[in-house]
Amino acid sequence: METPGSQTSLHRANLERVVRAVRMAGSLTQAEIARSTGLSAATVSNIVRELKESGTVEVTPTSAGGRRARSISLSAAAGVVVGVDFGHTHLRVAVADLAHQVLAEDSEPLDVDSSADGGFDRAERMVTRLIAATGTAPEKVLGVGLGVPGPIDGESGMIGPTSMLPGWVGSNPGKEMSDRLGVPVHVDNDANLGALGELIWGAARGVADLAYIKVAGGVGAGLVMGGRIYRGPGGTAGEIGHLTLDESGPVCRCGNRGCLETFAAVRYVLPLLHPVHGPGLTMDRVVRLARSGDPGCARVIADTGRHLAVGVGALCNLLNPRVVVVGGEIAEAGEVLLAPLRTALTRYAIPSAAQRLTVVKGALGARAEVLGAVALVLSEMGDSALVGRTAPGV
């Protein structure tokens, strides 16, 4: 029996600290584990040996700073986690092991006007199919992360009224998918998951304070403060798409006029180019045309960057992030979008914030949110089950 403050309880706490550090990073050397946990090198060495003997971690030779080292990762046999991303026009699912290796991934179109039940049915089928494709037993699925394009109430788990999936408002996707799959399901909005994805795998690795701006069917921001997602008490932190740019502007889906979203979201930007390029235009084609020198497409993307600078400037002045990562389809335009954004940012952000800010394109593209959903499970799951197979020791 463990008692608080005993050698046994302290040892177990150290085991869990090491497992959590490895779980969040994917793999670490023993020296990196010692630095991230504050444990001594000798303690880390003993714990790694114990975890290896129990089958919890795998140890492989590597190098660090030109010297031989050992890379520690969680065992592939420990289980898998699943990421599910419901987008405005797509459904994407990924299955990954606890060492951050994606084992299977797929996506398919999603009709934004379909019912919530129809979306849950399709997600259940895809998750089941991909898990089977990896050869993983159902009982080895440790959890599911699920992203939706709209705010999630932190207490009820319900989708809020400004969601991009209007037929889903008032539904509880976490409970619904958990009932269907029989595993814990953690839910967050897509911008928060994009931030997590870029933090763990992409352009913001190692950055403690950042904002991920997703520009797609809507405009939203995922905020990371001190290395953790900030959601706010109602789950609506980061809704920069509803900052007012023009009180006499177009009516937004939120009911206000002239929101940033009505100047930057894809469904508002594309019609500007219909007179020249026709109604069948896609943002992917606009980006390609802009990069190849089409003046109209380049102008529209540049204007979008200048509009986004208003929201980014507000974030700089309020939160002072180190990095802003821009994601979504339009981000593939690269400097056609980012250069005007950075230039306009000097008008809206105070110099002390703007001078220390780096604005970059997301590194993960369309995969940012589904990988963020995987990262959400990895960050929310406990470590007790993973260290339960180890024998108590001192």
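Cys-316 is buried, its relative accessible area being 1%, in what is a predicted model. Cys-252 likewise counts as buried, because its relative accessibility is 4% and the cut-off for a buried residue is under 20%. The points below take up the cysteines and then helix 4.

**Cysteines**
- A disulfide is a covalent bond between the sulfur atoms of two cysteines.
- The structure holds zero disulfides, and for Cys-252, which is in no disulfide, the nearest cysteine sulfur is that of Cys-254, at 3.9 Å.

**Length and end of helix 4**
- Helix 4 runs over residues 116-134, and its 19 residues should span 27 Å at 1.5 Å a residue, which agrees with the 27 Å that separates its end C-alpha atoms.
- After helix 4 comes Gly-135, which has a positive phi, near 75°.

- Buried in helix 4 are Ala-116, Gly-119, Phe-120, Ala-123, Met-126, Val-127, Leu-130 and Ile-131.
- An α-helix has 3.6 residues a turn, so residues three or four places apart point the same way.
- The cover over the buried residues of helix 4 includes strand 4 (80-86), strand 5 (90-97), strand 6 (102-109) and strand 7 (141-148), together with helix 5 (173-181).
- Arg-125, Ala-132 and Ala-133 are exposed residues carried on the face of helix 4 that is turned away from its buried side.

Key:
Residues numbered from 1 in each chain as written. Predicted model: local features only at pLDDT ≥ 70, side-chain atom pairs only at ≥ 80, totals over all residues. Heavy atoms only, no water. Helix = DSSP H or I, 4+ residues; strand = E, 2+ residues; numbered from the N terminus. Expected span 1.5 Å × (residues − 1). Buried < 20%, exposed > 50% of the residue type's maximum accessible area, 1.4 Å probe, protein only. Contact = heavy atoms within 4.5 Å. Disulfide = S-S within 2.5 Å.
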